[in-house]
Structures are given as C-alpha cells and as structure tokens.
Amino acid sequence: MAEPKTEFGVENSEEKTVRELMEKQDEAIKVTEIEEDLDLYVPLKMEADIPHEPNPLTIRAVVVGILLGSLVNASNLYLGLKTGFTFSASMFGAIFGYGILKIMSQTCGNIPILGGSFGPQENSIVQAAATGAGGIAGIFVAGIPAMYQLKAETGNPKDEYGKILTITLVCSFFGLFFVTPLRKFFVIQVARELKMLFPTPTAVALTIRSMHAGAAGSKEAMSKLKALGVSFGAALVQRVSSYYAIGILYDWHFFTWIHIWSGYTSWAMNIESWGWYFEWTPAFIGSGMLIGMNSAISMFGGAVLAWGVIGPTLVHYGECIGLAQNSMVDEVTGEKIFDPNWDGYYTFASLKNLGKQTPSPRYWLLWPGVMIMVCCSMAELFVQYKIVWYGLSTVGRDMCGGINSFLVKRGKHVAFFEKRAAKAGSDDANFVQDTARPEDQVKTWVWIVGLLVTIIVAMVVFALLWGMHPGLTVLACVLGFLFSFLAIQIGAVTDQTPLTAASKASQLVFGAATKNSGLTIKDAQRVNLVAGGLASGAADVATSLTGDFRTGFLLGTPPVKQWTAQAIGTFVAVFLAPGLFVLFTSAYPCILDPDADKCAFGIPSVSAWKAVAQAVTDPNVSIPLTSGIFSIVMGVVSILQVVVRHYYLVGEREWIREYLPNWGAIALAFVLPNPVFTTASLFGAIVAHCWRKWNLKSFDIYGYATAAGLIAGEGLGGVVGAALQLGGVSGDVLGTQIGCPAPFGEPSCP
C-alpha cells in the first residue's frame, strides 16, 4: 500500500517475504554472498563494478521521478475516492525509473543532463521524487470532501483551489520537516532491537540493487520493466473498457444473475444487497498480491463477520435498517413507483440522516472498526514506551547540539545547550554505523527553521481561512507529531500505516477540545476535519520520507540528496493533488453531494470521516449503545493480543505470531461499505501464494512489478474515466448495464 497506504492500513509483505526477495538473486550474486548478506539492518553489499556516484541528485532523476509520481497521484485520487485506499509510488518509480534512465544513459552518451552513467543511488533518487510527487492525495479522499458534504465548507473546489492548497502545503511540509531528525533514530539506532525491517522500502532497495547487478541484473530489470508495463497497460485498457460494459468486464453480480434466471427469487437478492459480488479490480487484485495471506484472510474473515453475520443479525432484530432500492419517485406525479421484481434489494451502507432515523449496519460497524484500529495502534506504541522516550530524548539532544554549534560559530555560549550538546551522539557506538558523512546529512538549521516557519504559517492560515484558533493549530501539530511517531514505528514492522488511528484519534480529541467552545456545529465540524487532515497528512508524508531514508541507507545514498528529491516532489504534489481533486469533483459532482442517490464512487473514507465529525460535534448524532459496548469489548481484545504477542510470544513461542489475526485488517472490513474489495484482495493473495509455491524465482522477478502495474494502471484508467465523463462520452451515456442489478433500468453498478 507499493504498499497500501490507506486511511485504514493493512499489513503488507513480512520479513520472510523480504528475505525471499534476496534469495532470487542467484544469477547476479553468488549464493554464498547471499547467506552472508542476510543482515538487513546494515547497508547492502553492492557489486564491485558499480561506478562511484559523486552526485546522484540529477535533474533527469528528479524530473522522471516527478512525472512517474504524478501518474500515481492521479491514480490515487481515483482509487481513494472509490475505495479509501491510496498507494505508494516507490516500487512503481524504482522500476519504471530504471527503464527510462537506463535508456537515456545508453542513448544520450555524455549529453549534459540527459546522458551519463546510471547507478543504484540515482535510481533511489528517482523513487524518492516519485514518492513525494505521488503523496498527500489521502486528505482529498477523506476530510476535505467530507467538509463539503457536511456543508461546513460552502462553494466549490474549483473556486477555492487556493484555499484548499493551504492545507496540503501545511500537511506536506510539517511532516517533511519534523520527521527529518528522526532518520537516525528509526533507521539506525532502534531498527534491529524493534525488528523494524521496513518491508516495502527494503524490498525497493533490494530490487534496485538486483537491477544494477551487472548483465544478469540488467536482464532481470528489463523483465521487471516488461511485466510492469504489460500489467499497467492491461489494467488501464480493462478499466476504461469496463465503463461501457461494467456488468461484464468489471462487476460480476452472481446473485443478481441467479435472481433473474430463477424468476426473481428474493433470497438471492438479499445476498446481493450485502455486497457479495466479485469485482475484477486490478488495483485490489494487485494489492492482494502484496499484502500476503495472513492479512488477506484476516480482512476477508472480518468481512464475513461484519457483512455476513453481525450486519444481518442487527437488521433481523431491528437494531439497524436498510434502505429499499426497488422504488423510484415519478418526476411528473411525485408518486413512488415500486418494482416487485426487485423486492429484497436493499442498501445497508447508507450514512444519511444520522440522528434522524435508525442507523444502517455500516454506521453501527464503523465504531468497532475505528476502536480496534485506534486501540491496537496505541497499544503498539505504549508497549514500546521506553523506546519512544529514548527517541524523543535523542531528537532533543540532537536539536540542542545543532543550536549549540550555531551559537559557538558566532562566539556565543549557552550552558543549557552546551550541556545537552555534549550528550548528543554519545550512544552512537552502541548502534549500527551510519555510513552517511556529516556533510551528507540534512543540516539541523534547515529542518528547525522549516518546522518553525511551517507552524507559524499554519497558525496564520488556519486562523484566517479555516476559522481555527492558533492554540488548536498547535494542538493539531502536536497530535500530528505523536501519531506520526506511531505510524512510522508500526509501519516499519508490519508495513501497516495506521492513518485511521491518527485521523480518528485526532478527531475525537478535537471533538472534546471544541465542546462548549461557542463554535457553531458547522464551524466545529470544519475545525475537526481540518485537524484530522493535518494529523493524517503529516503522518502519511513522514512515513514516506522515513521509508525513503531506509531505502537510501541500504543503498548508500546521501540522506540530504533523498530529502531534497522528496521535498521537490512534495512541492509538486502540493499543487497537483488539489488540481486533480477539482477535476474529479467537476466530472462527478456527486462526490460532494450527500443526497446523491447514485455515484461512480463509494467514497468510504469520506463517509467515515463525516460520521465521526458528526458524532463528536452534533448533539443529535450519537453512537448506538450496543455498538459502543461491542466496540469497547473488541478494543480490549485487540489490546490483549498486542500485549500477549509482545510479552508472551517470544523466544521459542515467537513462531505463533505468524498465525495471529491481523486486527488492523479485520477492522478495515468493518469500516469499508461492503466486502467486495476484501474478496478481490483475497483472490490476489491466493494468486501470489500459488505463484510463489509454483516458482518462487519467477514471482520475485515478475510478481511485485505486476502488482505495481495493476495498481497504477487502474488508477490512471479512473483519470481517463473522469475525462470521458467531462466530455459527455462516458459509460453511463454510451455503455450498457447488462448483468447489473438495475431496477427501472437505472444504472446501479458503481
């Protein structure tokens, strides 16, 4: 989520998967060397014939990385609005970047900027720039559209482009600056002790090394590139074509077919109503190929529990209701018309009219999902309290050291800073050696000044444009830092980026902070969503940069070069992401319309953010008592598993950890509006599992590249779909709805 980097977060490739990736390099590296190189907490041993790269930060690498990242950014807007998921551009940028720069280096000779040798460090610069340019889309598939749906923000995004841009600017650079000094702590000092393998960044580094491993590596790299290109193109064509025959090429509604073939039997339509159909979504089949069987099974099991057991039980006993879909209002007479052939066709995912009627199963299930994510994420943080405190102390000492050096150069001495500066770096001998020279590090004054300026700008901008008190802005920044610390630590171990824990916990805190503050409900909701966006956006950027630092550490890339590349890419994303948001909302106004009956996007993240904001700010909206009790019970269970895994399943019992359920994945199934994405992910995971069993070497060459291509291809297909919609030649105009549940002939496939 390229690992799913989602509002929700799902566990990705585990340590053994990364080790398997090393085992594939027998054509490029001798097996004996692989056995010696199994220590993934030190820089990788590179090929002896790789030329020295005096300055890997080249114009061509940054430009190519930004272009590739921009494709992923566009892809993420579509996928995020459709499903709540966004994806990292790291693997996509690394492989496609290799192909483009390799061709340039071979055909352009020594032409300035275009030509010259190409090595693994420059390859890592490409993926760093791509990661930066492909980021920050998350807030545009969650908090910002939720503001418009709640009418907490009026107008339209096209006219408020500059205003929206201020949020992306603050989120991006706040996360970029404050995480910079944590590189040494996370990547070098505590990585081994906490088993922070950073699975995806490590896999990216290993992939880059293998592609640059002589003639064999070059041959393998071209195989990866072809696999990525073919899967990317196939997914793009399939997604665009499917708009015109969605019930044939994309959604397979088995129970709708049975309903029709059997003479309109209600039992089949009842199963259809709960979302049990299969979707040929390349993005989530690709995602399933990456996340592994444990997470996929956990997620599917959560879907069965939520949408096959709990939901139907709640409806049966009247605790929740569904909305019938077999009627329509006649535009002339205003009368309701019913179609008996579609009796039993309901939606159970509505989040409309909260506080005014019995809630849907989705609203009831939202709270245990959020509670589980927050509880298991917080528990992971608290069991590591000693390490967290050490990390904060390390950052403080390094900051004092930088300030002291600045003062000494100007002939000034402050005892407070001198005392703490003397302790800076005193423990370095106990850790893995940092191969980056002092001059290759990001200067202390750069991130200190940048952080202070960003916070000041945030206080001014949020006060003037978003009605947020400067004190609340500072609180949002503090929460953003703490939740980012959590996201990085958990993501480094499991590849799970718990952005829900960051955003929802921030929303809950701000719900309490703005209570009795004199703000109107709409103002409180706007502040709530902006604060949640800051926490989530900062955690997203911070996690991405730390992952890039990990990739660079393994490849020997100077940190300041990677930081600069990602900063430039991030600056592009600050302008690109809101522009793409304007494109999609112009093509699909239903994204911002809470009363729209049908929309091409499920916008699950938007609905979840909106529901939480309403629950903590609107006295008329409450959490159902039974949902609250169940949430507490499930939260306690998830905490107990973290404690047992951390303190009991150690030593000879550690092998049991592999078989524990992934509570983050289970919670994800509770929050999603239906089980269709979990089914597609399970299918992808099964394909990957069988492929590994059949031929591990083949999977390691083609598997990750194929998955990255499928994800990016469908996303770009969504961008093409938006353009077709604006041009009036989209599938809902020229296509067919054959195979879809379609009462009164109205399109009902997404």
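Start by selecting Tyr98 and Phe118: both are buried, meaning under 20% relative accessible area, with exposed being over 50% and partly exposed in between (1.4 Å probe, protein chains only). Before going on, note that this is a predicted model, where local features need pLDDT of at least 70 and side-chain atom pairs count only at pLDDT 80 or more, while totals for chains, interfaces and linings use all residues. Residues are numbered from 1 along each chain as its sequence is written, and side-chain values use heavy atoms, with hydrogens and water left out.

Now show the two rings. The centres of Tyr98 and Phe118 are 5.8 Å apart and the planes are at 50°, so this pair is tilted. Rings of Phe, Tyr and Trp (its six-membered ring) pair if their centres lie within 6.5 Å; planes under 30 degrees apart count as stacked, over 60 as edge-to-face and the rest as tilted. Tyr98 belongs to helix α4 (residues 90–107) and Phe118 to the loop between α4 and α5 (120–133), so the pair ties together parts 20 residues apart in sequence. Helices (H or I, at least four residues) and strands (E, at least two) are DSSP runs, numbered from the N terminus.

Next, pick Trp252 and Trp257. Their ring centres are 6.3 Å apart with planes at 50°, so this pair is tilted. Trp252 is partly exposed, at 29% relative accessible area. A search of the whole structure finds 29 aromatic pairs.

For charges over rings (NZ of Lys or CZ of Arg within 6 Å of the ring centre and within 35 degrees of the ring normal), there are two stops. Lys163 lies over the face of Trp466, 4.7 Å from the ring centre. At Tyr648, the charged end of Arg653 sits over the ring, 4.1 Å from its centre.

Then select helix α22 (residues 521–555). What distance separates its end C-alpha atoms? They are 51 Å apart, which agrees with the 51 Å that its 35 residues should span at 1.5 Å a residue (the expected span is 1.5 Å times one less than the number of residues). Of those 35 residues, 32 are buried, so α22 is largely enclosed by the rest of the structure. Gly556 follows α22, with a positive phi near 80°.

Finally, zoom out: the chain has 29 helices and eight strands, and buried residues make up 60% of its 750 residues.
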